[in-house]
Amino acid sequence: MLFRVGSLSSKTSLLLSFFRKSSNAQFVQSKRFDSLLWRRYYSVTKLINPPKQSNGPISMARKSSHYSTTSAEALIQNSTNSGTRMSKKKARREAPEMILRVKLDLCSKDGNFTEAFCLYNEARANGVQLNVHHYNVLLYLCCPNRDVSKEGEGNLTMLDRGFEIFKQMGIDKVEPNEATFTNLSRLAAAKEDPRLAFDLVKQMTEHGIVPKLRSYGPALFGFCKKGMADEAYEVDFHMRGNGVLPEETELTALLRVSSEFKKEGKVYEMIHRLRTTVRQVSEETAATITDWFKSKIASEIGEDKWDVEKVRKGFLEGGGGWHGQGWLGKGDWRVVRTTMDDCGVCRSCGEKLVCIDIDPKETEKFAELLATLASQKEARTNFAKFQEWLQRQGPFDAVVDGANLGLANKHTFSFSQIARVVNELRQISPSKKLPLIILHQGRVSGGPAQNPNNKRLLESWKKGGSLYATPQGSNDDWYWLYAAVSCKCLLVTNDEMRDHLFNLLGNNFFPRWKEKHQARLKPSGDGLLSLHMPPPYSHVIQESKQGNWHIPTVTGDDLETPRQWICATRTRLHE
């Protein structure tokens, strides 16, 4: 054995003697265990008592006794703690509540309503304590993914069972959460009872729960489906009062019910809310808008004579593209699908669309948001150094996403491709200054960067103060986006900026900024890349001073395929 029991503490000796008497005694006394224990001995003693310079003669026997006792106690204590942790994990894993949770989650994944409720009944019979997660899974399984109003009694019984489970949840004093009420609202909507669905959302505040957009859906869509427009507007009002903003699906439902029940003022409001929320509309929304303009009520409403000065003032105050003074003109609408030319002139009616201004204060706030997010996601010192460098070297007339440009339309990284675009940007630059090129450190130090021609190119950009190499481990997206926003300049990249990083920036200001500042690269006939500059008009719903409307759709991308627009014009306008 490694240790003499006599040299150990009484507690340690007792434990070791227990090991000798246990069924594992043969393993303990095996050579393998001795070797393992020796290694543990040396590692523990070095940590606890690092070697020191001797100040005088020390009893080696005393030192050996001290190390042996300490290391053995540490080894046994660690083994005990490890065993305790394993026991706790095993106990949690094998607890009836956890076993029930795992089985219910599998039922939820498979949509197995019958098996889930067999498990529920069995758990209640065995006295298993259900928590909010258990109940939420059961309620979710009660919610059909289809309209059950015309189906058999069995589906309606399933809905009733859901409300019984919620009642039992209250008896068990399990506190509901947002998911609980949302599932209940879906149950109410499936029973075609949007009033109950809305009442359940209102009850959330009594429990200190903030509703989400999904919480309102069952009530809102239920009222719209039943043609209860005023009640749907009440849900919409409640949503906004709680800081929940409807998205395209909700606004389209409100637009449709407003159109069907001849609420022309609400139709006007919803189209403008779509303008500020989604900019380009889906095909479903486009069809709803088209149906409105082709309706009889749409041809009958509108001002035959209006205050031209008031409309002009509203147009200017809104930044262009809309005036907000209501429907203008009289008579039938001519509604067609069309495209715009390169100057933003409608190929159907000949009206020129405008480029809607961005408030400079919004740009400054956006730059501050970018800096804050980048400092959180990147090493703070790295991004702070870049901000300082940009202040010294900037401003620039253009920023180039070097990695995206170097790989555009190529299988290998091409510095010559970057150089061609950089020279073109310099020629069209008002200051004739080189654009800022953002490249990762790995791109400027390895691979094609070692080519002599590329080395000279990189060195010329460095000397010109136009190359910034982002450090190892960084995300260069933050750098080129921040530089373009803070310099209020052109950004050259084919990156669609749709991943999680850009989702942090929201869908209000960022799409507008991108539309006005992003230049993209398009392959030309000779295999080279040509710059596709930002359009001179805004891709957003526009209402003209004459009362005409142009609504962009998501069909087309303006790079390979022209974007499709709805053009709606009056046959008789104010003179």
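**Helix packing and the main pocket**

In this predicted model, the axes of helix α19 (residues 380-393) and helix α24 (residues 476-487) come within 11 Å and cross at roughly 35 degrees, where axes are lines fitted to C-alpha atoms over the stretch in contact and angles run from 0 to 180 degrees between N-to-C directions. Local features need pLDDT of at least 70, side-chain atom pairs count only at pLDDT 80 or more, and totals for chains, interfaces and linings use all residues. Residues are numbered from 1 along each chain as its sequence is written, and side-chain values use heavy atoms, without hydrogens and water.

Helix contact
- Asn382, Phe383, Phe386, Gln387 and Leu390 of α19 meet Trp478, Tyr479, Tyr482, Ala483, Ser486 and Cys487 of α24, contact meaning heavy atoms within 4.5 Å.
- By class, this contact of α19 with α24 has 8 nonpolar, 3 polar and no charged residues.

Largest pocket
- The largest pocket has a volume of about 1300 Å³, a pocket being an open set of points on a 1 Å grid where a 1.4 Å probe fits, with protein on both sides within 12 Å along at least five of seven lines.
- Of its 44 lining residues, the closest to the centre are Gln280, Lys514, Glu515, His539 and Arg563, lining residues having an atom within 4 Å of a point.
- Helix α26 gives the most to this lining, with 4 residues.

Whole chain
- Of the 575 residues of the chain, 44% count as buried, that is, under 20% relative accessible area with a 1.4 Å probe, protein chains only.

Notes: Grid points are joined across faces, edges and corners, and a volume is the space filled by probe spheres set on the points. Helices (H or I, at least four residues) and strands (E, at least two) are DSSP runs, numbered from the N terminus. Ala, Val, Leu, Ile, Met, Phe, Trp, Tyr, Cys and Pro count as nonpolar, Asp, Glu, Lys and Arg as charged, and the others, Gly among them, as polar. Buried means under 20% relative accessible area, exposed over 50%, partly exposed in between (1.4 Å probe, protein chains only).
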